[in-house]
Amino acid sequence: MRLICRDVTKTYLAPQGNVLALDRISFSTSEAEFVCLVGPSGCGKTTLLKIIAGLVRPTGGEVRYEGPRTGAPLNAMVFQEDSIFPWMSVLDNVAFPLEIRGMPLAERRQIAREFVDRVGLTRFAGHLPGQLSTGMRQRVGIARAFACNPQVLLMDEPFAALDAQMKAILQEELLALWSAHARTIVYVTHDIDEAIFMADRVLVLSTQPGRIVAEVPVPFARPRRPALRGHAEFLTLREHLWSLVRGEVMKVLGGAA
């Protein structure tokens with residue numbers, strides 16, 4: 001499934017006047033491509049993701065999905081803060097979207113258990129979210145998103161609240177899941193290293209109103225290993241992306257050093 005955004009624009013009404021959040025965003029993905037969105041705070045990355053998800057209506061432009069329909073949901077979204085149900089066990093949380101679709105109990109539990117196992121939570125399948133760490137709860141959300149078999153997976157800084165060690169581990173787990181269950185992923189992050197390590201392509205958004213100011217391909221072969229972060233080519237690409245993002249941040253700060 002390919003995702004196509006064409007001239008996506010979003011204006012919000014505010015007491016002080018209309019606020020243009022996104023200005024004619026256009027891009028498309030290849031099938032099963034991993035695309036990261038980076039840019040300064042407030043540039044509209046999350047708004048764009050919500051428009052793609054159908055949670056927010058654009059003021060102008062269109063979002064289109066192109067490819068054969070499988071009967072599975074077109075998209076699923078993983079938020080920065082876990083959105084799992086505190087009264088449900090890990091297994092029931094992962095199975096819930098399948099229950100909503102009317103899948104028989106035995107089948108949905110089998111699928112849910114497969115993805116609970118894949119994110120390393122087998123021993124915690126019967127636990128409630130309140131008994132889990134932040135990183136474990138994010139794993140539940142990721143397992144649930146993959147279990148419902150979306151054709152496009154949308155992720156809004158899912159690892160932002162984690163420490164560096166846990167973030168690195170979950171990045172690798174997510175890439176392993178994506179490799180095994182190929183899906184188009186659009187992934188929002190403030191972390192340039194994360195974007196390079198994860199993505200096939202990085203889209204850099206401008207300060208508000210959000211526009212795409214650069215599309216940067218990531219040339220590294222897969223699978224990617226942690227040692228990649230120390231390679232000269234990785235550091236060169238990081239410097240290039242940081243220079244693009246820094247230029248936009250400086251606009252927010254009025255050119256201050």
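This is a predicted model: local features need pLDDT of at least 70, side-chain atom pairs count only at pLDDT 80 or more; totals for chains, interfaces and linings use all residues.
## The largest pocket

The largest pocket has a volume of about 400 Å³. Its lining comprises 22 residues, and those nearest the pocket centre are Ala76, Met77, Pro97, Arg144 and Cys148. Strand 5 (75-78), helix 2 (90-100) and helix 4 (134-147) are the elements that each give two or more residues to this lining.

By residue class, the lining of the largest pocket consists of 14 nonpolar, 4 polar and 4 charged residues.

## Helix 7

Helix 7 covers residues 232-252. After the helix comes Gly254, which has a positive phi, near 75 degrees.

The buried residues of helix 7 are Phe234, Leu237, Leu241, Val245, Glu248 and Met250. They pack against strand 3 (34-38), helix 6 (192-198), strand 8 (201-205) and strand 9 (212-217).

In soluble globular proteins, nonpolar side chains tend to be buried together. The largest nonpolar core of this model contains 56 residues, of which Phe34, Leu174, Tyr187 and Val202 touch the most other members. Helix 4 gives the most to this core, with 7 residues. Another core, of 24 residues, lies apart from it and includes Leu37, Val186, Val188 and Leu205.

Leaving aside neighbours within four places in sequence, Val202 is in contact with Cys36, Val38, Ala195, Ala214, Glu215, Val216, Val218 and Leu241. Of these contacts, Leu241 is also one of the buried residues of helix 7.

Conventions:
Residues are numbered from 1 along each chain as its sequence is written. Side-chain values use heavy atoms; hydrogens and water are left out. On a 1 Å grid over the protein atoms alone, a cavity is a set of points where a 1.4 Å probe fits but cannot get out, and a pocket is an open set with protein on both sides within 12 Å along at least five of seven lines; lining residues have an atom within 4 Å of a point. Grid points are joined across faces, edges and corners, and a volume is the space filled by probe spheres set on the points. Helices (H or I, at least four residues) and strands (E, at least two) are DSSP runs, numbered from the N terminus. Ala, Val, Leu, Ile, Met, Phe, Trp, Tyr, Cys and Pro count as nonpolar, Asp, Glu, Lys and Arg as charged, and the others, Gly among them, as polar. The expected span of a helix is 1.5 Å times one less than its number of residues. Buried means under 20% relative accessible area, exposed over 50%, partly exposed in between (1.4 Å probe, protein chains only). Contact means heavy atoms within 4.5 Å. A nonpolar core is a set of buried Ala, Val, Leu, Ile, Met, Phe, Trp, Tyr and Cys residues joined through side-chain atoms within 4.5 Å.
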